[in-house]
Amino acid sequence: MFGKLSWSAIPLDQPIPLITSVVLILTILGVLGLVTAKGWWPYLWREWITSVDHKRIGIMYCLLGSVMLIRGFADAIMMRSQQALAINAPGYLPPEHYNQIFSAHGTIMIFFAAMPLVIGLMNFVTPLQLGVRDVAFPTLNSVSFWLTASGALLVNVSLFIGEFARTGWLPYPPLSEATYSPGVGVDYYLWAVQISGVGTLMTGINFVTTVLKMRCPGMTYLRMPMFCWTVLAASLLIVAVFPILTATLAMLSLDRYFGFHYFTNTAGGNPMMFVNLIWAWGHPEVYILVLPAFGIFSEIFSTFSGKPLFGYRSMVAATLFICIVAMMVWLHHFFTMGAGAAVNTAFGISTSIIAVGTGVKIYNWIFTMYGGRVRFSVPMLWSLGFIFTFVIGGMTGVLLAVPPADFLVHNSMFLVAHFHNVIVGGVVFGLFAGIDYWFPKAFGFRLHEGWGKAAFWFALVGFWVTFAPLYILGLQGMTRRLQHVNIEEWRPLLDLSLVGVGILIVGAVCQVVMLVVSILRRDELRDVTGDPWDGRSLEWATPSPAPFFNFAVMPNVQGEEAYWDIKLRAVESQQLSPEPRYEPIEMPVNSPVGFYTAFFATVTGFALIWQIWWLAGLGLAAAFAGFVVFAWRDVHEFHVPAEEVARVDRARRSAREALLERLGQQGAAT
Amino acid sequence: MARRAAVGLAAAGLGGCARGVLDPVGPVGADDSAIFFDALMVMLVIVIPTILLAFWMAWRYRASNPKAEYLPNWSYSGRIEAVVWSIPILTIMFIGGIIWIGSYRLDPFKPLPSKSPPLEVQVVALDWKWLFIYPQQGIATVNQLVVPAGTPVHFSITSASVFNVFFVPRLGSMIYAMPGMVSQLNLQADRPALLFGQSAQFSGDGFSDMQFQVRSVAPAEFQAWAQAARGAGPMLDPAAYAQLMRQSQRVSPVTYGGVDPQLFQAVATQAIGPGPGPQPENPSHSGREVSTGGRR
Amino acid sequence: MSDLGLPAAVETLRRVREDPHRLGHRGHGPDSPVEGAGHGATGPARKRIVVGYGFWIFLLSDIVMFACFFAAFAVLRGATAGGPTPRDVVELPRVGLETAALLLSSYTCGLSFAATNARSLLWTQVFLLVTGLLGLAFVGLELQEFISLAARGITPQRSAFLTGFFGLVGLHGLHVTVAGMWLATMMAQVQVKGFRREIVHRLICFNLFWHALDIVWIGIFTIVYLMGVTP
């Protein structure tokens with residue numbers, strides 16, 4: 001009846017997951033209770049859960065990503081403290097628990113923290129920058145989000161029911177095969193990642209179509225903001241490589257569930273094929289994360305230097321160059337499998353060639369500041385911290401691309417330090433910068449500057465105190481994923497690294513405080529004009545928060561920096577462009593289909609994990625029925641009346657006029 | 001010379017306990033780390049000025065600096081573009097050369113040049129210990145590798161269960177141990193030393209203790225050790241191997257006085273099936289099967 | 001489609017002339033940019049182009065997934081583990097019949113869309129039905145093949161080669177099955193709702209999908225079956 005599921009699946013004998021999950025469940029129940037008590041359900045359902053507005057979906061993605069970032073960070077704290085405590089000692093986490101933690105840390109950070117945050121910003125910003133009202137497929141967008149949430153939910157369910165994978169974030173067979181991992185942990189991994197991966201694939205399709213086919217009049221390719229180019233490159237990579245992930249995980253599932261022999265170490269199965277396939281997805285995945293971050297930095301360097309981006313075309317070229325070469329480097333993850341000198345040489349060189357594209361970008365950002373008026377606001381601090389951190393991370397990356405050097409530090413703490421160096425220094429710093437930068441556009445008020453700066457400095461210092469020792473430990477021969485170490489000499493550096501985690505915790509607390517303080521003092525941080533940073537691209541042409549239809553009248557772009565040109569003209573002529581004729585706007589209607597699909601995806605996934613076949617069948621049938629019902633609806637759009645559009649836009653215009661007047665007075669004074 | 005200085009500097013930075021990859025005791029490790037430092041130096045030459053330039057640029061053109069001129073429309077310069085593309089390209093061409101030469105010269109499969117014939121060692125990664133077979137000597141050890149100093153050692157490496165990586169940090173290159181495949185590695189210890197080796201690929205619950213002792217001893221001492229071991233102690237017969245394949249953790253070093261000469265071949269071609277994986281001691285633990293694997 | 005009140009055929013012809021590939025490609029030419037084609041100069045593309053474009057991108061991703069299974073098959077082809085070889089598995093007559101059914105279904109699928117363009121409900125339905133029946137015949141023959149192989153002990157659990165074989169062929173069969181369910185839904189929709197704009201868009205997508213599955217099958221037929229019997 002219930003497959004493999006029984007009461008013994010609940011870890012009553014293991015206090016740490018038990019207490020964590022009880023606290024988690026109580027928190028969730030508390031939040032749900034609060035929502036019920038306050039009567040917020042109709043609002044949430046109407047305005048968020050069923051919303052197909054790209055901005056709302058983007059915010060929900062970011063919320064999901066932030067919560068998962070904290071969850072992943074908690075895992076990281078446990079890992080670092082376990083290693084610091086377990087020197088010639090067992091520590092406090094037995095291997096079967098510790099192994100789940102590092103597997104969950106990697107899985108959560110990549111799939112459920114970094115990806116949702118990146119996709120969230122992509123969602124929020126791209127249509128605004130392109131001057132359109134939504135993405136190409138708004139309802140599909142909602143489905144994508146909810147599928148990602150479904151995957152995240154499954155990972156967290158594994159804390160309380162059963163176990164998570166004990167195989168690392170990429171479950172290399174044969175270890176992940178049923179023979180060596182008979183528990184449900186790998187199954188949780190497979191279905192959580194599979195479900196969210198489908199969501200990501202649809203996001204990729206959606207954004208390729210959006211960027212290529214949904215741009216406002218005049219927005220030719222070479223007028224698109226840099227961020228949109230990076231979104232296009234990342235989405236192209238998603239479309240090209242996420243199917244590989246789907247296929248690979250499907251093959252591993254067939255092995256585990258039905259005794260197929262894709263990757264087994266018996267009957268001719270080929271585990272190395274998994275390694276090739278998973279990295280053919282896995283390496284481009286890193287660029288899927290980091291390219292949009294590069295786009296964010298491009299926007300920030302230009303805005304906060306008060307200058308156009310230096311070498312825009314060369315930046316576009318570098319982005320697309322990285323996009324293409326990213327798919328030709330995967331073998332550098334296993335130089336040490338003995339592929340031979342010729343293969344290693346080819347992949348080593350192709351890997352280091354990527355550094356050309358990245359290097360060009362770094363210099364272009366630096367020269368964007370040349371001749372500028374650099375304002376050290378929080379987003380800019382993150383960006384400068386990024387250059388410092390990422391350049392060093394890139395350097396160690398090229399070191400690892402040199403096969404003989406990789407022979408010494410492959411799979412070592414040096415490697416761990418390297419990829420945190422680029423992912424934290426590149427992606428996470430970029431995300432924090434982007435969130436700080438676009439927060440006013442989402443909520444209408446800025447984030448508190450002081451706490452933001454504190455968060456930055458603690459994060460930067462904490463990062464280096466945590467990971468610099470790991471570089472050295474790697475050179476001392478310490479491999480990754482050790483549950484305990486037997487070498488006393490490593491103690492000082494492991495302790496130092498733990499101190500770094502402490503600093504990072506302070507930084508994380510600062511972020512939370514920043515958010516709370518900003519909400520409490522939102523009135524004084526209010527962004528009245530909709531253009532808090534003196535921006536240059538179209539999202540700053542809208543009021544803050546942006547109305548659900550984004551633009552009352554679709555902009556007509558005349559130059560390379562769409563909004564900057566409009567602003568210059570207005571300042572020059574001391575008046576806004578004449579009021580346009582407002583017309584009704586057609587917007588897509590809300591749809592519960594995303595939530596519905598994800599609900600049944602979760603049920604089906606859970607049923608498959610525990611091999612409750614009837615429930616899996618039921619879930620699939622219900623999902624299909626849901627699609628048919630959705631396909632049957634007749635109303636796809638509704639009209640926003642012209643008066644409503646006019647009312648919103650006149651409010652925006654009056655705020656801008658006030659700003660213009662102020663600027664004019666300033667101009668007269670000087 | 002700069003490199004020697006850098007090695008010394010880095011070694012000093014390791015707090016004097018440099019027993020890692022920066023303190024090699026053999027030619028492979030020495031060459032690997034030399035390449036590591038060559039590449040590092042080449043890049044530092046670029047990276048350090050770049051970081052300084054970034055900070056200087058941000059500081060020089062800060063909004064509060066009235067002395068810096070403001071060029072609000074300056075966004076292109078063909079000369080600078082040419083330079084910023086050529087700096088990384090030239091660096092990478094240089095690194096590419098290092099990669100090319102290094103990959104061929106330090107290919108792990110390539111025999112080491114030496115007057116003395118290499119010692120053959122066959123390595124089998126098991127859950128969770130290392131089996132070393134000395135076919136020329138007809139003996140085998142577990143979790144203990146004894147090699148003669150100054151003699152190249154040719155390792156043939158396979159796995160009888162999951163992926164592992166054979167790694168002796170101070171000897172140099174590591175390589176994967178994979179089921180159904182044989183990878184080769186050539187290493188040499190130049191002087192007698194006591195080293196540690198380990199697995200560098202996570203392989204399950206007992207992974208952390210998958211370490212082994214490496215004793216590099218004088219050739220004569222090695223001969224004496226091998227002769228003493230031969231015929232003494234337990235034999236690695238099929239029954240003993242079947243027992244050895246079962247999962248176990250923290251296995252103390254064992255020396256087998258005799259071994260089937262075809263054993264390695266049989267494991268590598270999977271004529272002997274792979275290790276059985278966890279044997280759940282409590283079948284009711286559904287979904288959370290834990291193998292204690294002799295941990296207690 | 002016939003928003004302008006023109007007879008459907010005239011409208012169709014006009015559109016075919018205007019946009020032979022139905023993707024607004026004319027905008028690339030020297031002529032002035034086409035309104036609604038999604039090129040930078042003229043603003044967002046029309047819904048039809050967006051839907052078609054997005055679906056093409058999806059098809060590309062699906063092809064990538066098939067490519068992985070093709071690659072796995074190629075890697076594992078020799079790993080027979082002492083079991084059946086490709087020669088033992090292939091039964092060309094049945095596969096020939098399968099191929100004929102599927103290729104014919106692609107033709108009828110194309111006819112159904114011609115009927116859609118002519119706004120003929122009856123012929124659209126007839127040809128969709130024929131397409132579905134041919135698809136069913138294909139899936140039925142494939143199932144029969146799998147069952148007869150299993151009866152001879154040829155199952156994916158036997159060897160890695162058979163894993164690759166059943167995985168690749170089975171994935172395609174699964175696609176055809178899902179496409180068949182989609183087809184049935186589309187027939188019901190066309191019947192109930194007629195040729196509404198979004199229904200026609202879905203029919204376009206369905207057509208693309210069905211033809212794509214055909215192309216994949218050509219690959220399977222060649223690489224798995226024909227190359228399986230040639231020495």
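**Exercise 1. The contact of chains A and C**

How many residues of chain A are in contact with how many residues of chain C? Determine also which elements of chain A contribute to this side, and its composition by class.

*Solution.* The structure is a predicted model.
- Step 1: counting residue contacts gives 43 residues of chain A against 36 residues of chain C.
- Step 2: the elements of chain A that each give two or more residues to this side are α6, α7 (226–258), α8 (271–305) and α18 (613–632).
- Step 3: α7(A) provides the largest share, with 11 residues.
- Step 4: sorted by class, the side of chain A that touches chain C holds 29 nonpolar, 11 polar and three charged residues.

**Exercise 2. Packing of two helices in chain A**

Classify the relative orientation of helices α4 and α6 of chain A, and characterise their contact.

*Solution.* 
- Step 1: helix α4 (residues 95–130) and helix α6 (residues 185–213) of chain A pack at an angle of about 15°, and their axes are 11 Å apart.
- Step 2: angles under 35 degrees count as roughly parallel, and α4(A) and α6(A) are therefore roughly parallel to each other.
- Step 3: the crossing of the two helices is left-handed.
- Step 4: the contact residues of α4(A) include Phe111(A), Phe112(A) and Met115(A), while those of α6(A) include Tyr189(A), Val193(A) and Phe207(A).
- Step 5: by class, the residues of this contact are 11 nonpolar, eight polar and no charged.

**Exercise 3. Organisation of chain B**

Describe the secondary structure, burial and domain division of chain B.

*Solution.* 
- Step 1: chain B has six helices and 13 strands.
- Step 2: of its 296 residues, 47% are buried.
- Step 3: among contacts in chain B between residues at least 6 apart in sequence, 71% join residues at least 24 apart.
- Step 4: the domain assignment separates domain 1 (2–66 + 77–105) from domain 2 (119–268). The C-alpha centres of these domains of chain B lie 36 Å apart.
- Step 5: 11 residues of domain 1 touch 13 residues of domain 2 in chain B. The side belonging to domain 1 has five nonpolar, three polar and three charged residues.

**Exercise 4. Backbone geometry in loops**

Locate the cis peptide bonds joining Pro173(A) to Pro174(A) and Asp127(B) to Trp128(B). Are Asn550(A) and Asn143(B) buried or exposed?

*Solution.* 
- Step 1: the bond between Pro173(A) and Pro174(A) has an omega of about 0°, and Pro174(A) is in the loop between α5 (138–160) and α6 of chain A.
- Step 2: the bond from Asp127(B) to Trp128(B) has omega near -10°. Trp128(B) is in the loop between β1 (119–126) and β2 (129–134) of chain B.
- Step 3: Asn550(A) has a positive phi, near 65°, and Asn143(B) has a positive phi of about 55°.
- Step 4: a residue counts as buried at 20 or more other C-beta atoms within 10 Å. Asn550(A), with 25 such neighbours, is therefore buried, and Asn143(B), with 21, is also buried.

Note on methods. Residues numbered from 1 in each chain as written. Chains lettered and ligands numbered in written order. Predicted model: local features only at pLDDT ≥ 70, side-chain atom pairs only at ≥ 80, totals over all residues. Axes fitted to C-alpha atoms, helices over the stretch in contact; angles between N-to-C directions. Helix = DSSP H or I, 4+ residues; strand = E, 2+ residues; numbered from the N terminus. Parallel < 35°, antiparallel > 145°, perpendicular 65-115°, else oblique. Left-handed = near helix turned anticlockwise from the far one by under 90°. Contact = placed C-beta atoms within 7 Å. Nonpolar A, V, L, I, M, F, W, Y, C, P; charged D, E, K, R; others polar. Domains from an automatic or database assignment. Buried ≥ 20, exposed ≤ 12 C-beta atoms within 10 Å, placed from the backbone.
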